[in-house]
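The structure is shown first, and the comments follow.

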Amino acid sequence: QVQVVESGGGLVQPGGSLRLSCAASGFTFSQFAMSWYRQAPGRERELVARITADVVPSTNYADSVKGRFTISRDNAKNTVYLQMNSLKPEDTAVYYCYAAFRVYDYWGQGTQVTVSS
């Protein structure tokens, strides 16, 4: 069965850092582009970062997180990461891991990130 499981969320102060992990199984991870989305209460789910399945992966970031967040992947571990630095209260959201390849796509259950003093 397919599993996409996020972890690493929590409560951090503004300016702090957090690293999210997404462990995948049940599909050929290396073939899938991986993304992080987030959704805050009352807001649309938005793309935060994406990393391609290329031999030398390309990355894309939302303007709001560019320069602060870094997405990476470890195909040997079937895991994608989101390093979040200089966190702001507006980064507070449930963060979701998303895998996509051709017509196949899978969502994780989400992990809560709260940035508050």
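1. Buried is used here for a residue with under 20% relative accessible area, while exposed means over 50% and partly exposed lies in between. The model is predicted, and Arg38, with a relative accessibility of 6%, counts as buried because this value falls under the 20% cut-off.

2. The structure holds 4 salt bridges. Four residues, namely Arg38, Glu46, Arg68 and Asp91, are linked by such bridges in a network.

3. Arg38 is bridged to Glu46, with 2.7 Å between the closest N and O atoms. On the Glu46 side of this pair the relative accessible area is 23%, so that Glu46 is classed as partly exposed, whereas Arg38 is buried.

4. Arg38 also meets Asp91 in a salt bridge, at 2.9 Å from N to O. This pair links distant parts of the chain, since Arg38 belongs to strand β4 (residues 33-39) and Asp91 to the loop between β8 (79-84) and β9 (93-101), the two being 53 residues apart. Both Asp91 and Arg38 are buried.

5. Asp91 takes part in a salt bridge with Arg68 as well, the closest N and O atoms lying 2.7 Å apart. Here too distant parts of the chain are linked, with Arg68 in the loop between β6 (59-61) and β7 (69-74), 23 residues apart from Asp91 in the loop between β8 and β9. Arg68 is buried at a relative accessible area of 10%, and Asp91 counts as buried at 1% relative accessibility.

Methods: Residues are numbered from 1 along each chain as its sequence is written. This is a predicted model: local features need pLDDT of at least 70, side-chain atom pairs count only at pLDDT 80 or more; totals for chains, interfaces and linings use all residues. Side-chain values use heavy atoms; hydrogens and water are left out. A salt bridge is a side-chain nitrogen of Lys or Arg within 4 Å of a carboxyl oxygen of Asp or Glu. Buried means under 20% relative accessible area, exposed over 50%, partly exposed in between (1.4 Å probe, protein chains only). Helices (H or I, at least four residues) and strands (E, at least two) are DSSP runs, numbered from the N terminus.
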